[in-house]
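Hi everyone, thanks for coming.

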Amino acid sequence: MQQDVLVSIVDRMMVLPLMYRKLMKKAEPQNNIGMAQLNIMIFLDKGDKVPMYDIADKMSVSKPNLTPLVDKLCALGYVERFPGELDRRVTFIGLTEKGKKFIDEYRISLAKIIGSSFSSMSLQEQKKLDSAMDTIMKSLTSV
């Protein structure tokens with residue numbers, strides 16, 4: 001029985017990235033930033049400066065593939081590079097104020113789209129969903 005439940009969970013989790021991409025495209029800004037670049041900015045918005053190798057690891061891309069994505073974000077003024085203080089071979093990336101403003105506006109746009117999709121759910125149901133998603137995130141963090 002438990003195996004059936006786990007298979008069902010896996011099936012649903014496999015569909016989530018597709019749904020997420022669909023939502024992101026609806027809220028996608030008009031300045032030719034791709035989803036990978038949006039994900040970089042969302043990741044950077046969680047903290048201060050982050051080493052490039054951490055971003056590459058979290059996004060499961062190689063550092064050489066990450067470089068052109070970051071280059072474009074730098075050219076647009078959304079992120080900036082910082083040399084490592086202890087090791088200059090390590091490059092850190094951080095959001096600029098312009099980048100933070102962009103992500104804040106993007107989140108608001110995405111929240112409106114999701115809000116209209118979940119409008120048939122009560123506030124209590126939305127809170128349950130949020131709690132369940134939090135539990136999933138905590139459980140998968142250790143994987």
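Let's start with the term itself: a salt bridge is a side-chain nitrogen of Lys or Arg within 4 Å of a carboxyl oxygen of Asp or Glu. Side chains of opposite charge can pair when their charged atoms come close.

Quick housekeeping. This is a predicted model, where local features need pLDDT of at least 70 and side-chain atom pairs count only at pLDDT 80 or more, while totals for chains, interfaces and linings use all residues. Residues are numbered from 1 along each chain as its sequence is written, and side-chain values use heavy atoms, with hydrogens and water left out.

Take Asp-71 and Arg-81: their closest N and O atoms are 2.6 Å apart. Asp-71 sits in helix α4 (residues 63–75) and Arg-81 in strand β2 (residues 79–83), 10 residues apart. By the way, helices (H or I, at least four residues) and strands (E, at least two) are DSSP runs, numbered from the N terminus.

Next, Arg-107 and Asp-45 meet at 2.4 Å, N to O. Arg-107 is in helix α5 and Asp-45 in the loop between α2 and β1, so this pair ties together parts 62 residues apart in sequence.

Buried or exposed, what about Glu-97? Glu-97 is exposed, at 60% relative accessible area; buried means under 20%, exposed over 50%, partly exposed in between (1.4 Å probe, protein chains only). Its salt-bridge partner is Lys-100, at 3.8 Å, and both lie in helix α5, about one turn apart.
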